[in-house]
Amino acid sequence: MFDTRELGRRPGALKRVSRSVVAPKGLGIEVIGVREGATIELDLRLESVMEGVLVTGTARAPLTGECVRCLEPLERELEVDFQEMYSYPDADDRSREADTGDDAEEEDMLFLEADLFDLEPVLRDAVVLALPLQPVCREDCPGLCADCGARLGDDPGHHHESADIRWAALQGLAETMRDGEKDNAPRERGDDSQEK
């Protein structure tokens with residue numbers, strides 16, 4: 001929670017805040033995110049306006065995850081900017097009087113509670129939306145071998161002799177025909193004399 005009491009309700013009042021906070025649980029997606037308990041550095045600018053407090057900020061956090069191609073662990077630094085308006089509690093009453101008719105916008109409004117605001121939902125949205133959906137250890141990561149799972153970055157010449165699966169039935173037929181030719185091959189003369 002951040003305190004805005006020093007700003008009062010004087011439009012134009014400004015306060016800068018730098019703070020380190022502990023990352024909450026679940027700040028990420030399946031393959032990459034900010035580990036719970038990691039330190040997030042925040043630089044905030046709190047500005048009092050007519051309707052409430054405009055919060056503009058930057059968050060810097062360490063990311064941990066794994067490459068989606070080769071499954072190797074990776075670590076990165078994330079820097080994300082965000083901006084959010086926290087309205088005064090009585091601003092909701094004033095907006096009802098104005099009756100803009102946009103109910104969805106009213107539901108998305110965030111409010112100050114006793115001159116305090118909770119930054120976690122805004123921070124969570126900003127961080128998660130800034131995460132790469134397909135993080136890779138390097139842009140040209142070759143990934144894993146589809147046949148055996150070997151890491152191709154460790155062995156660039158790695159390959160398997162494999163037939164196209166669409167031709168597998170014909171390959172089986174060709175082997176059957178070769179076996180049939182062996183059965184029909186002429187026998188050696190020595191074999192004939194033994195049979196007589």
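Mentor: Let us go through the salt bridges here.

Mentor: This is a predicted model, where local features need pLDDT of at least 70, side-chain atom pairs count only at pLDDT 80 or more, and totals for chains, interfaces and linings use all residues. Residues are numbered from 1 along each chain as its sequence is written, and side-chain values use heavy atoms, leaving out hydrogens and water.

Trainee: What is a salt bridge, and how many are there?

Mentor: Side chains of opposite charge can pair when their charged atoms come close. The rule asks for a side-chain nitrogen of Lys or Arg within 4 Å of a carboxyl oxygen of Asp or Glu. The count is 6 salt bridges.

Trainee: Which residue pairs with Arg60?

Mentor: Asp43 does, with the closest N and O atoms 2.4 Å apart. Arg60 lies in strand E6 (residues 52-66) and Asp43 in strand E5 (residues 39-48), so the pair ties together parts 17 residues apart in sequence. Strands (E, at least two residues) and helices (H or I, at least four) are DSSP runs, numbered from the N terminus.

Trainee: Is Arg60 buried, exposed or partly exposed?

Mentor: Arg60 is partly exposed, at 28% relative accessible area. Buried means under 20%, exposed over 50%, partly exposed in between (1.4 Å probe, protein chains only). Asp43 is partly exposed too, at 31%.

Trainee: Which residues does the network of salt bridges link?

Mentor: Glu72, Arg151 and Asp154. Arg151 and Glu72 meet at 3.8 Å, N to O. Arg151 lies in the loop between helix H3 (120-130) and helix H4 (168-184), and Glu72 in the loop between E6 and strand E7 (73-87), so the pair ties together parts 79 residues apart in sequence.
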